[in-house]
Protein chains: 2
Amino acid sequence: MPTTKTTAEGRFAYGGLDRLFHERARLAILTTLASRPSGVAFADLKALCSLTDGNLSRHLRQLRDAGVIDMRKKADTGRPRTLLRISAEGRRRFLAYLDVLEAVVRDAAVASRGEAPRPARGGSDPGFLPA
Amino acid sequence: MPTTKTTAEGRFAYGGLDRLFHERARLAILTTLASRPSGVAFADLKALCSLTDGNLSRHLRQLRDAGVIDMRKKADTGRPRTLLRISAEGRRRFLAYLDVLEAVVRDAAVASRGEAPRPARGGSDPGFLPA
């Protein structure tokens, strides 16, 4: 069964787009935790990501079970609170996911807007040359 | 219940990250279709996105029911084949989704790598100034 020859098998498969990080709420959680290496309190994370207690708890368990975050109870002022942190392994995997996500955004921008990919940082953008 | 004042309610909620487009397979499908406005045959789309017949069919039905793609049968060489195209409404919504996804990638890059956001197209990057 012949197909057009301009197709490249799996060109848009994005296998590296790890579903653990790609889910919207978990993407929000990881972006928040990555920006605060010293940790974020449960209540703050909930507010920043606009999640309910139940929803946030469920996603945090998944992330902890996957080894990408640490959860610890602190009782610094008598009342215990939960502090969440991204793990070293979590940061490594999140960066790898982010590389794929950036490739998707470049592909989609070119596809949808006819934009040339942005140059690498520090590079110059030659723009489109006239034919 | 006081929380730290550096939190901005919903800062990382990403409500515009439309779940219709954010799912990995559908993101692949839409990126492919956006790059080929004249349409893509089912078999080619399947190969480009590395999906099975059943999986691709299921996602295409969801996208068609949401009005973001058109599906039509063509019988140009006697054997009918299905041609898929992004709709005008689909392109508009996909571009809006893409704007949010770009914001997420910028946030996450800053959060994870301490990178400054990239300048707008055509702008110059002043880099980090010494304090």
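Trainee: How many aromatic pairs does a search of the whole structure find over all chains?

Mentor: The model is a predicted one, and side-chain atom pairs count only at pLDDT 80 or more. With that condition, the search over all chains gives a total of eight aromatic pairs.

Trainee: Which geometry do the rings of F12(A) and Y14(A) adopt?

Mentor: A pair of aromatic rings is described by the distance of the centres and the angle of the planes. For F12(A) and Y14(A) the centres are 6.3 Å apart and the planes stand at 75°. Planes over 60 degrees apart count as edge-to-face. The pair is therefore edge-to-face.

Trainee: Are F12(A) and Y14(A) buried or exposed?

Mentor: The cut-off for buried is under 20% relative accessible area. F12(A) has 6%, and Y14(A) has 9%. Both residues therefore count as buried.

Trainee: Which residue lies over the face of F12(A), and which has its charged end over the ring of F12(B)?

Mentor: In chain A, the residue over the face of F12(A) is R11(A), at 4.7 Å from the ring centre. In chain B, the charged end over the ring of F12(B) lies 4.7 Å from its centre and belongs to R11(B).

Trainee: What parts of the chain does the pair of F21(A) and Y97(A) link?

Mentor: The ring centres of F21(A) and Y97(A) are 5.8 Å apart with planes at 45°, so this pair is tilted. The two residues are 76 residues apart, and the pair links distant parts of chain A. F21(A) belongs to helix α1 (residues 19-22) and Y97(A) to helix α5 (residues 88-113).

Trainee: What relation holds between chain A and chain B?

Mentor: Chain A superposes on chain B by a rotation of 180° with 0.0 Å of shift along the axis, at an RMSD of 0.0 Å. This is therefore the relation of a two-fold axis. The same surface serves both copies, since 98% of the contact residues of chain A recur in chain B.

Trainee: What area is buried between chain A and chain B?

Mentor: Each chain gives 53 residues to the contact. Carbon and sulfur atoms give 56% of the buried area, which is about 4900 Å².

Trainee: How many salt bridges does the rule find across the interface?

Mentor: The side chains of D99(B) and R113(A) meet in a salt bridge, at 2.8 Å from N to O. Across the interface of chain A and chain B, the number found is six.

Conventions:
Residues numbered from 1 in each chain as written. Chains lettered and ligands numbered in written order. Predicted model: local features only at pLDDT ≥ 70, side-chain atom pairs only at ≥ 80, totals over all residues. Heavy atoms only, no water. Phe/Tyr/Trp six-rings, centres within 6.5 Å; stacked < 30°, edge-to-face > 60°. Buried < 20%, exposed > 50% of the residue type's maximum accessible area, 1.4 Å probe, protein only. Helix = DSSP H or I, 4+ residues; strand = E, 2+ residues; numbered from the N terminus. Lys NZ or Arg CZ within 6 Å of the ring centre and 35° of its normal. Least-squares fit on C-alpha atoms with pLDDT ≥ 70 in both. Contact = heavy atoms within 4.5 Å. Buried area = accessible area lost by both parts, 1.4 Å probe. Salt bridge = Lys/Arg side-chain N within 4 Å of Asp/Glu carboxyl O.
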